[in-house]
Amino acid sequence: MPLSAQTPPPVGVPPLNGEPLPLEFVNTVFPVKGVLMDGFRTTEHLAWWLRSCRGSLATHLPESAVDALGVADVQCFVMLRDASRRLVDALVNCREADPWDVAHLNRAATMDRAWPLLCWNAGERPVAVHVSTAVPSIAVQSEIAHAVVRLLTGASGVEPKACVAPGCVFYFDQARSRREWCSTGCGNRARAARHYARRHPHRDC
Ligand SMILES: [Zn+2]
């Protein structure tokens, strides 16, 4: 049965933190009670995430394309997400990138040839219409790969940083505010952990 926009999200979807698209993408790995979960475990999980991020995508993603997602699409998104996540991790930790990850990202970026077309109706503000040569699921992967390239090269103005709160694995845009954590909850936990460490210097948290 096709999923509709009103369908409740499947259990265990990744949190959306309002970060730029490439960071939301790499943040689809998240901890639950200390165990890392993959937010793209099934086609339903991937469909939920794509619907949730549709407003951040230039690619036209009709509901029929989301309903048609298959296991192979999930595997492709997971591989692109994992390569992107390792590259962001290498960047924020000043480590060398794995050439395989660079090649994988570049391959995904070339899977589509997209361009903007000017559309200007009388009496209306001109808008750009995104034209793609690939099917939507491929076009979205290519668009996300482009966004990750822009993120890694600094072209997007985003400054990725890893959250320092205990147990958190998220990245956030430090250019928006000079913080050390991804959310208010992580900030509270990080401050509590520091307070505990000062009061109990010889114990592990
Ligand atoms: Zn965090």
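Is Phe40 buried or exposed? Phe40 is buried, with a relative accessible area of 2%. The legends below describe close-up views of a predicted model.

**View A. An aromatic cluster is formed by Phe25, Phe40, Trp49 and Phe77.** A search of the whole structure finds four aromatic pairs. In one of them, Phe25 and Phe40 have ring centres 6.0 Å apart and ring planes at 40°, so this pair is tilted. The pair links distant parts of the chain, 15 residues apart: Phe25 belongs to helix H1 (residues 21-26), and Phe40 to the loop between strand E2 (35-38) and helix H2 (43-52). Phe40 also pairs with Trp49; here the ring centres are 5.5 Å apart and the planes stand at 75°, so the arrangement is edge-to-face. Phe25 is buried because its relative accessibility is 0%. Trp49 is likewise buried, with a relative accessible area of 0%.

**View B. Four cysteine residues coordinate the zinc ion.** The donor atoms are the SG atoms of Cys163, Cys168, Cys182 and Cys186, at 2.3 Å. The angles among the four donor atoms are 105 to 118°, and the site of the zinc ion is tetrahedral. Along the sequence, the spacing of the donor residues is C-x4-C-x13-C-x3-C.

**View C. A network of salt bridges links Arg51, Arg54, Glu63 and Asp67.** The structure holds 11 salt bridges. In one of them, the side chains of Glu63 and Arg51 meet at 2.5 Å, N to O. This pair links distant parts of the chain, 12 residues apart, with Glu63 in helix H3 (residues 63-67) and Arg51 in helix H2. The two partners fall into separate accessibility classes: Glu63 is partly exposed, with a relative accessible area of 25%, whereas Arg51 is buried, with a relative accessible area of 17%.

**View D. Asp89 and Arg95 form a salt bridge.** The closest N and O atoms of Asp89 and Arg95 are 2.0 Å apart. Asp89 counts as partly exposed, at 22% relative accessibility. Arg95 also counts as partly exposed, at 45% relative accessibility.

**View E. The side chains of Arg176 and Asp173 meet in a salt bridge.** The N to O distance between Arg176 and Asp173 is 3.6 Å. Asp173 counts as buried because its relative accessibility is 5%.

**View F. Trp115, Leu117, Val127 and Val129 make a nonpolar surface patch.** The area of the patch is about 330 Å². The elements that contribute two or more residues to this nonpolar patch are strand E3 (115-119) and strand E4 (127-131). Val129 lies in strand E4. With a relative accessible area of 37%, Val129 is partly exposed.

Note on methods: Residues are numbered from 1 along each chain as its sequence is written. This is a predicted model: local features need pLDDT of at least 70, side-chain atom pairs count only at pLDDT 80 or more; totals for chains, interfaces and linings use all residues. Side-chain values use heavy atoms; hydrogens and water are left out. Patches are made of residues with over 30% relative accessible area and no salt bridge: like charges are joined within 9 Å, nonpolar side chains (Val, Leu, Ile, Met, Phe, Trp, Tyr) within 5 Å. Accessible areas come from the Shrake-Rupley method with a 1.4 Å probe; for residues, only the protein chains shown count as cover. A salt bridge is a side-chain nitrogen of Lys or Arg within 4 Å of a carboxyl oxygen of Asp or Glu. Helices (H or I, at least four residues) and strands (E, at least two) are DSSP runs, numbered from the N terminus. Buried means under 20% relative accessible area, exposed over 50%, partly exposed in between (1.4 Å probe, protein chains only). Donors are N, O and S atoms within 2.8 Å of the metal (3.2 Å for Na, K and Ca); water is not among the atoms, so sites may look incomplete. Four donors count as tetrahedral if all angles lie between 85 and 135 degrees; four count as square planar and six as octahedral if opposite donors are over 155 degrees apart and all others between 65 and 115; anything else is irregular. Rings of Phe, Tyr and Trp (its six-membered ring) pair if their centres lie within 6.5 Å; planes under 30 degrees apart count as stacked, over 60 as edge-to-face and the rest as tilted.
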